[in-house]
Amino acid sequence: MGQRQPFSAADDSAWLSHLVDTMDRVEQMHDEPCDEVLMSAMMARLQSPATTFGDMIRSGDLLELSF
């Protein structure tokens, strides 16, 4: 199994920039109504025990977001 390469300052900056952009888009959606079925599914998922990313991939339990 290969070793991970350390992140560079550019990687950190790109990740943070992407996070800020996402938060800006979420803020713009603040007044849009939410789908009750999706909100119920999300709340149920948040209340369940934590799983690893690998567990989610194997089960197909990934939430896909699109903006």
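Modeller: Start with a definition. A helix here is a DSSP run of H or I with at least four residues, and helices are numbered from the N terminus. This is a predicted model. Along the sequence, its chain follows the pattern α-α-α.

Biologist: What makes up that pattern, in helices and strands?

Modeller: The chain has 3 helices and 0 strands. Helix 1 covers residues 9-28. Helix 2 spans residues 36-47, and helix 3 spans residues 53-59.

Biologist: Why is E27 called exposed?

Modeller: Exposed means over 50% relative accessible area. E27 has 54% relative accessibility, so E27 counts as exposed. This residue, E27, lies in helix 1.

Biologist: Which residues form the negative surface patch?

Modeller: D21, D24, E27, D31 and E32 form it. Asp and Glu count as negative. Patch members need over 30% relative accessible area, and E27 has 54%.

Biologist: What makes the nonpolar surface patch?

Modeller: W15, L16, L19, V20 and M23 make it, with an area of about 520 Å². The same cut-off of over 30% applies. L16 has 47%.

Biologist: How much of the chain is buried?

Modeller: Buried means under 20% relative accessible area. Buried residues are 3% of the 67 residues. The chain exposes about 6700 Å², and carbon and sulfur atoms supply 60% of that.

Biologist: Where is confidence lowest, and where is it highest?

Modeller: pLDDT runs from 0 to 100. Helix 3 is lowest, at a mean of 69, and helix 2 is highest, at 88. For the chain, the mean pLDDT is 77, and 67% of residues reach 70 or more.

Definitions and conventions: Residues are numbered from 1 along each chain as its sequence is written. This is a predicted model: local features need pLDDT of at least 70, side-chain atom pairs count only at pLDDT 80 or more; totals for chains, interfaces and linings use all residues. Side-chain values use heavy atoms; hydrogens and water are left out. Helices (H or I, at least four residues) and strands (E, at least two) are DSSP runs, numbered from the N terminus. Buried means under 20% relative accessible area, exposed over 50%, partly exposed in between (1.4 Å probe, protein chains only). Accessible areas come from the Shrake-Rupley method with a 1.4 Å probe; for residues, only the protein chains shown count as cover. Patches are made of residues with over 30% relative accessible area and no salt bridge: like charges are joined within 9 Å, nonpolar side chains (Val, Leu, Ile, Met, Phe, Trp, Tyr) within 5 Å. A salt bridge is a side-chain nitrogen of Lys or Arg within 4 Å of a carboxyl oxygen of Asp or Glu. The place of a charge is taken as NZ of Lys, CZ of Arg, CG of Asp or CD of Glu. pLDDT is the predictor's confidence in each residue, from 0 to 100.
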